[in-house]
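Please consider the assembly shown below, first chain by chain and then through the contacts between chains.

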Amino acid sequence: MNTATILIAGFGGQGALFAGKFLAYSGLIEEKQLSWLPSYGPEMRGGTANCAVTLSDEPVGSPIVTEPNVLIAMNRPSFDKFEPAVVPDGYLFADSTLIDAESQRKDIKAFYVPATKMAADMGLTGLSNMILIGKMVKETGAVSLSDAEEAFKKFVPAKKAALIEKNIEALKAGFEY
Amino acid sequence: MVVFDKPHSLIDVPLHYCPGCTHGIVHRLVAEAIDELGIEGKAIGIAPVGCSVMAYDYFNCDMIEAAHGRAPAVATGVKRANPENIVFTYQGDGDLASIGTAETVHAAARNENITIIFINNAIYGMTGGQMAPTSLPGQVTQTSPYGRDTSLCGWPVKICEMLSQLDGPEYLERVTVNNVANVRKAKKAIKKAFQNQVEGKGFSLIEVLSACPTNWGMTPREALKWIDDNMIPYYPLGVYKDRSAAKEAAE
Amino acid sequence: MAEKVLMKGNEAIAEAAIIAGCRHYFGYPITPQTEIAAYMAKRMPKIGGVFLQAESEIAAINMVYGCSSAGKRVMTSSSSPGISLKQEGISYLAGSDLPCLIVNAQRGGPGLGGIQPSQSDYFQATKGGGHGDYHLIVLAPASVQEMAELTIKGFELADKYCMPVMLLADGTTGQMMEPVTFDFDVKPAPEKPWATTGTKMQREHNIVNSLYLQPEKLEVTNLERYKKYETVKENEAMWEEFMTEDADVVVAAFGIAARVSQNAVIEARKQGIKAGLIRPITLWPFPETPFKKAAEHAKAFISVELSMGQMIEDVKLSVSCTKPVYFCGRVGGMIPSPAEVLSAIKKADGGDR
């Protein structure tokens with residue numbers, strides 16, 4: 001896609017902002033134009049958290065994404081709130097472990113991934129975010145995953161570098177789902 | 001032969017203070033301390049808002065005029081910019097103990113390496129004699145015409161006692177200048193407060209009980225006596241904190 | 001060529017300030033700008049600089065006042081309610097002709113308001129803010145790259161004209177990450193013979209002061225300051241134009257509102273409407289030139305703002321009321337969508353508003 005306007009939404013702590021950062025750094029490596037915009041404030045502490053990532057071949061205008069062409073919904077409130085906003089022909093990726101609903105829209109491409117359960121089964125608890133990103137990348141081609149490790153290295157502190165491997169494992173699991 | 005002269009760090013111009021006001025004495029004591037320590041060339045003074053607002057025209061060192069109450073914050077900025085400078089503020093009771101309480105307390109808490117000369121005359125002088133945070137219970141002022149009623153406007157703020165509860169400050173002493181002996185003691189305290197800064201010891205504040213005959217409605221002589229009779233009993237003189245001395249004593 | 005890195009706008013400001021030679025930061029925590037303080041707290045001790053968390057915004061701006069008096073490149077940052085508290089100090093800085101950089105990552109108001117982005121401090125920033133006759137140079141970045149560039153420019157302008165400069169950002173531009181390069185030639189701070197650094201017994205004492213009890217003298221200081229402001233107006237106005245050459249409808253917007261408006265202008269062009277965008281980069285001095293020029297052919301102007309309509313007054317003054325100037329805005333932390341701006345453009349183009 002020429003310009004991906006991606007909205008990633010979930011509870012605070014599910015890693016929505018982290019997942020967005022991964023996409024942003026992947027975009028940086030691939031020399032795309034991009035912006036990453038988080039929601040901020042007290043709602044970040046255990047409430048809803050979301051971030052908007054725009055990846056484009058052209059300069060990014062507004063960094064604000066109110067009508068995404070890619071939505072990653074990590075919980076039910078995010079699904080309810082943002083599913084109607086996805087543009088026609090856009091993509092929806094939902095964590096079906098936590099979202100007991102499916103989109104009734106016929107004009108979007110919806111994918112349901114039991115990401116939380118998969119993560120738990122694989123010993124990757126907390127990495128449902130990257131499983132969803134893996135699936136999203138496969139379906140949309142928003143970024144390539146060729147330099148995933150490099151992208152992580154750019155923003156994961158050296159102290160936590162050991163976690164990169166697991167993140168890549170989760171990405172792969174999502175990509176192959 | 002000893003010739004009585006103005007200290008070099010006090011500019012030879014007439015001061016604007018009222019007859020009997022003790023600002024002149026304290027200015028002189030500050031200037032003598034600066035001269036004796038040989039620090040005029042690196043001294044930066046911060047003038048307050050209040051009667052001593054124009055102190056920048058009287059001291060020969062570099063001077064900054066601060067907003068009301070903010071002198072300790074301004075001094076912090078100067079000292080952090082150039083720690084080799086000797087930075088002092090000269091503030092009245094409204095400036096330091098009312099509108100600038102937060103700046104005072106936090107500069108003390110940080111043990112900011114500055115010197116504060118605090119003139120406590122229990123009244124707002126420049127604006128014409130209103131109740132100060134340090135006005136005594138029952139004291140008649142323009143804004144407490146029936147005497148300071150503590151049930152309405154609370155109790156005086158005892159700065160030395162209050163700050164002495166903090167771990168931060170190095171040196172706190174209350175002095176007065178209402179007779180020759182007390183002037184000598186005040187001189188010693190003020191010089192020590194500068195010396196502490198030179199030695200990098202930290203925050204030193206000297207509270208000087210001062211006279212304001214004009215706004216107290218007294219003759220200069222009555223005013224000096226009023227300090228003895230009314231202020232000192234409420235604001236006892238003495239050293240409230242001397243960390244270095246306490247440490248030495250402990251060792 | 002320096003490496004392209006991803007950074008939040010607030011962090012880019014902090015890094016650029018360090019590159020500009022700022023080694024003194026005084027601040028107090030407030031959302032949404034705390035990243036600046038956090039960045040400075042981490043970096044300053046490692047490069048021989050000073051980070052100090054003040055007891056209040058009031059204390060912080062007065063520490064800036066003292067530090068600037070001492071001749072240093074110094075900054076503070078805050079967000080709207082905190083900037084209100086700083087106004088007294090800002091007036092003193094202006095009245096004493098002291099340079100410094102003040103960052104305002106604006107949030108919705110009035111009062112405690114909210115923490116989401118806003119541009120409703122435009123009047124406060126451009127028309128004075130504190131008491132007395134004075135101006136700040138006000139810079140309005142619209143991207144993370146520009147937050148870095150204008151931070152450096154801000155320090156240079158502050159030193160050049162001996163006056164405070166405000167970087168007027170907002171919650172969005174502060175929080176968003178974009179690629180940025182730090183590839184700058186920084187003009188070093190000039191000599192500051194007026195600074196209070198100690199006489200060393202070699203010169204008359206310097207006095208930093210804004211008190212003049214004789215009205216004749218105070219008037220002269222004001223007149224001289226306004227002469228300086230005229231020079232700033234002549235030389236320092238900055239703006240960016242987008243598709244304005246033949247535009248019928250010209251949108252005026254700064255900061256994040258300009259980013260949204262640009263999307264709307266592109267969409268309008270796709271739909272056959274000749275729309276254009278003027279993005280003031282300096283809000284004071286306000287760039288009147290492009291507006292006067294555009295007024296020669298444009299049918300109408302629209303001021304798009306995250307406020308109830310503040311910059312619109314300067315747009316109207318710039319076109320001397322020769323053309324209608326409409327308003328399109330959201331407040332309280334809401335941001336107009338490109339669709340809302342597009343609809344305003346359509347209305348203005350139809351002239352049936």
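The model is predicted, and every value given here was computed from it. Taken along the principal axes, the C-alpha atoms of chain A fill a box of roughly 40 × 40 × 35 Å. Of the 177 residues in chain A, 50% are buried. When contacts in chain A between residues at least 6 apart in sequence are considered, 58% of them join residues at least 24 apart.

Helix α1 (residues 16-29) of chain A packs against helix α4 (residues 128-140) of chain A at an angle of about 40°, and their axes are 9 Å apart. On the side of α1(A), the contact is made by Ala16(A), Phe18(A), Ala19(A), Phe22(A) and Leu23(A), while α4(A) contributes Asn129(A), Met130(A) and Ile133(A). By class, the residues of this contact between α1(A) and α4(A) comprise 7 nonpolar, 1 polar and no charged.

Chain C is built from 12 helices and 15 strands. Its radius of gyration is 21 Å, close to the 20 Å that the globule rule gives for 353 residues, so chain C is as compact as a globular protein of that length. The C-alpha trace of chain C spans about 70 × 50 × 40 Å along its principal axes. Buried residues account for 59% of the 353 residues of chain C. Among contacts in chain C between residues at least 6 apart in sequence, 79% join residues at least 24 apart.

The interface between chains A and C brings 18 residues of chain C into contact with 15 residues of chain A. On the side of chain C that touches chain A, the elements giving two or more residues are β1 (4-8), α7 (171-175), β8 (177-181) and α9 (255-270) of chain C. Of these, α9(C) gives the most, with 4 residues. That side of chain C has 9 nonpolar, 6 polar and 3 charged residues.

The contact between chains B and C takes 29 residues from chain B and 34 residues from chain C. At least two residues of the side of chain B that touches chain C come from each of β1 (43-47), β2 (62-65), α2 (71-81) and α4 (101-109) of chain B. Here α2(B) gives the most, with 8 residues. By class, the side of chain B that touches chain C has 15 nonpolar, 7 polar and 7 charged residues.

Notes
Residues are numbered from 1 along each chain as its sequence is written. Chains are lettered from A and ligands numbered from 1 in the order in which they are written. This is a predicted model: local features need pLDDT of at least 70, side-chain atom pairs count only at pLDDT 80 or more; totals for chains, interfaces and linings use all residues. Two residues are in contact if their C-beta atoms, placed from the backbone, lie within 7 Å. Ala, Val, Leu, Ile, Met, Phe, Trp, Tyr, Cys and Pro count as nonpolar, Asp, Glu, Lys and Arg as charged, and the others, Gly among them, as polar. Axes are lines fitted to C-alpha atoms, for helices over the stretch in contact, and angles run from 0 to 180 degrees between N-to-C directions. The radius of gyration is taken over C-alpha atoms; the globule rule is 2.2 Å times the number of residues to the power 0.38. A residue is buried if 20 or more other C-beta atoms lie within 10 Å of its own, exposed if 12 or fewer, and partly exposed in between; C-beta atoms are placed from the backbone.
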